[in-house]
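The entries follow the order in which I looked things up.

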Amino acid sequence: MKSEKMSKKARIISFNPNGSYYFQKGVVAYQKGDLYKAYKYVDRAIAFEPNEVEYLCQQASILAELEDYKSSNRILNRIVTELDLGLTECHFFMANNYAYLGEFQDALREVNLYLQEEPHGIFVQDAKELLHLINEESVGYDIDKEPQYISNHKKGRQQLENGQYKKAINLFRKVIKEEPEFWAAYNNLAIAYFSLRLMDKAYATLHHVLERDSGNIHALCNLVTFYHQSNEIELRDTILPRLNKLFPYFPDHRSKLGSTYLFIGDFEKACRWLTSAEKAGVNGDQVFYFWMAYAAYKVGRLTVAKRAWNQVHYFDETPFHPFQYEKVQDMLLDENAYDNFMVHSLIQHELYNPDQAEQLFAIFYLHYLSAQDELNDTAKNHEDPAIRAIASEMVMDLAHKSQNVDHRLNIMWHVQLCLSEGKAVVRHPELYDYWYVVYQMLDKQDEIDVEGWAGALIYLWKKEKNQHTSQAEIAKLCHTSVYRIRKHIQELGQILKRNGLL
C-alpha cells in the first residue's frame, strides 16, 4: 500500500510558470483581440523579467491599442535609451504615439531620428507617410511645397477609385519614376493592372515590391486577394501563413488585413482586424464600415454589425452603386438573405430610388425572397402606380390567390431563370428596365410568348453590353427557337432605342 501511494505521488509533476509562460498566454490573448487580458499576462511576464525587451515591446504595442499612448512611449523610451540602443524602430513607434496625442513637434523629432538612423529600414515608407501627415497637421504647412510624386499619387488614387484604370496607371508610373521606392504606388499600380485583367503585370509588380520589402502588408494582401479572385487557391494558400503571423501597428494596415480576410471568407479574422482598425483610429469610409458590418454579421456580432451599417448610408459617398460591390452581391444572393437586416434595409432604400430599374429590381427581389409583407406594403403605399400594380400581382402569386397571374411578369421570371437560376439578377439591375419596356408593350390579357420575349430581351441586352453571342445560343439558353426570338427582336429593339436603352 505504501509503495502504491509513493508511486502515485511520484507521478505528480510540479508546474512553476515563468515569464515565458505568461508572455505566450499574453500573445494568444492579443491575437484573439482581448487586449485587457493580454496586458495582464504580459505585465506578469515583465514582473519575472523586467528587462526583457521582447516583453516590453509587446506591452508598448498593447498600450498603444488601448490608446494609452503616454504609457506606451514611456516603455519605448526606456528600451531605446537604457536596454537596446540599436532598436531604432522604437523611435518610429514613439512618433506614431506622439502623432495620436497631437504632439507634432515630438512626433517630428522621433520620425526624423528614425529616418536618420535607418535610411533603409523596414518602416521607411511608413515613416515618410507619417512625416507627410505630420506636416499636414502642423501649423504652417504649405500645400504648395507638396512633392509632385505625392500629388500624382493622390490623383492616381482618385482615378483608381473612380474606375479610370488607364489614367491611374499613367499617374502611378510617374510616381515610381520620381520615387522608385514609394511602395504604395506599386501596390495601387498592381490593383489597376488587375482591374484591367493584365494579370502578369499585376503579379510582377507585387513580386517586385516583395523582393525589396518582404513584409509589405499591402503587397501580401493584394497577392492573396488576386490569387483568390483568380481561383488560384494553392498559390493563395502559400501566402496565407505569412498573413496569419502579421500583427500590424498602423490602423490602415489592420484595415487592409481585415478586408483581405473578408474577401477570402475568413470572417472571424476579418471582424477582429476591422474592429481593431476602427479602435486604433482608422479613417474609415463607407466601404470600410460595410466590410465591418458584413464581417460582424457573419460571426454573430449583431450589435457591432448594426452600428457599422448605420455609418454606411447606402454608399452615397462612393462612385459606385451598392450592387457593384462583390460582397453586397454575395450578401443579396446568400441563402439566408431573408434573415439579414442589411438586405432588407438596402432593398427598402432601393424601392424609393429615383432610378426606375432599381425600384423594379427591388420588387422582383422581394418576390424572390418571398417577402410577402414587404410586397404587400409596397402594393398599398408606393407612390408609383405601376410599382403598386406589379407588387400587387406578386403578392397574389405568393399567396396562390390568383390562377391568372399577369403573364408579362413571367417574362422577367424566365430571364431570371436563364441568367441566374431563378434568383434576382443582382449584378445587372438594368435588365429590369429592358423588361419594363416589354411590360408596357404588351397587354395583360394578351397571349404571350414568354420564352421568345425573354430571349429577345437577353439578346439585345447582351449586344448592347458588347458581349459576344448569337441568336442560336440565346434560343438554347431560353428553351425556345431562333424564329421565335427573331420575331420579337426588331419590334423590341426599336422601342428600346426610343427609350435610350440601345
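Entry 1: I began with Tyr325, which is buried at a relative accessible area of 17%; buried means under 20% relative accessible area, exposed over 50%, and partly exposed in between, with a 1.4 Å probe and protein chains only. The model is predicted, so local features need pLDDT of at least 70 and side-chain atom pairs count only at pLDDT 80 or more, while totals for chains, interfaces and linings use all residues. Residues are numbered from 1 along each chain as its sequence is written, and side-chain values use heavy atoms, with hydrogens and water left out.

I then looked up the aromatic pairs and noted 35 of them in the structure. Rings of Phe, Tyr and Trp (its six-membered ring) pair if their centres lie within 6.5 Å; planes under 30 degrees apart count as stacked, over 60 as edge-to-face and the rest as tilted. One of the pairs is Phe290 with Trp309, edge-to-face at 6.3 Å centre to centre and 65 degrees between the planes. This pair links distant parts of the chain, 19 residues apart, with Phe290 in helix α17 (residues 286-298) and Trp309 in helix α18 (residues 302-309). Helices (H or I, at least four residues) and strands (E, at least two) are DSSP runs, numbered from the N terminus. Phe290 is buried at 2% relative accessibility, and Trp309 is buried at 6%.

Returning to Tyr325, I found its ring centre 6.2 Å from that of Phe320 with the planes at 80 degrees, so this pair is edge-to-face. Phe320 is partly exposed, at 26% relative accessibility.

**Entry 2: cluster and charges.** Which residues form one aromatic cluster? I listed Phe323, Phe361, Phe364, Tyr365, Tyr368, Trp413, Tyr432, Trp435, Tyr436 and Tyr439. The charged end of Arg408 sits over the ring of Tyr439, 3.9 Å from its centre. The charged end of Lys269 sits over the ring of Tyr261, at 5.7 Å from the ring centre. The criterion is NZ of Lys or CZ of Arg within 6 Å of the ring centre and within 35 degrees of the ring normal.

**Entry 3: two asparagines.** I looked up Asn188 in helix α11 (residues 183-195) and found it buried, with a relative accessible area of 10%. Beyond its neighbours within four places in sequence, Asn188 is in contact (heavy atoms within 4.5 Å) with His153, Arg157, Leu160 and Phe172. Asn353 lies in the loop between α20 (341-351) and α21 (356-368) and is buried at 14% relative accessibility. Not counting residues up to four places away in sequence, Asn353 touches His321, Glu358 and Gln359.

Entry 4: On a 1 Å grid over the protein atoms alone, a cavity is a set of points where a 1.4 Å probe fits but cannot get out, and a pocket is an open set with protein on both sides within 12 Å along at least five of seven lines; lining residues have an atom within 4 Å of a point. I found one cavity of 30 Å³ or more, and the largest cavity holds about 70 Å³. Its lining includes Tyr69, Tyr100, Tyr249 and Arg254. The elements giving two or more residues to this lining are α4 (53-65) and α6 (89-101).

The second largest pocket holds about 380 Å³. Of its 15 lining residues, the closest to its centre are Lys32, Gly33, Arg272, Thr275 and Arg301. The largest share of this lining, seven residues, comes from α16.

How values were computed. Grid points are joined across faces, edges and corners, and a volume is the space filled by probe spheres set on the points.
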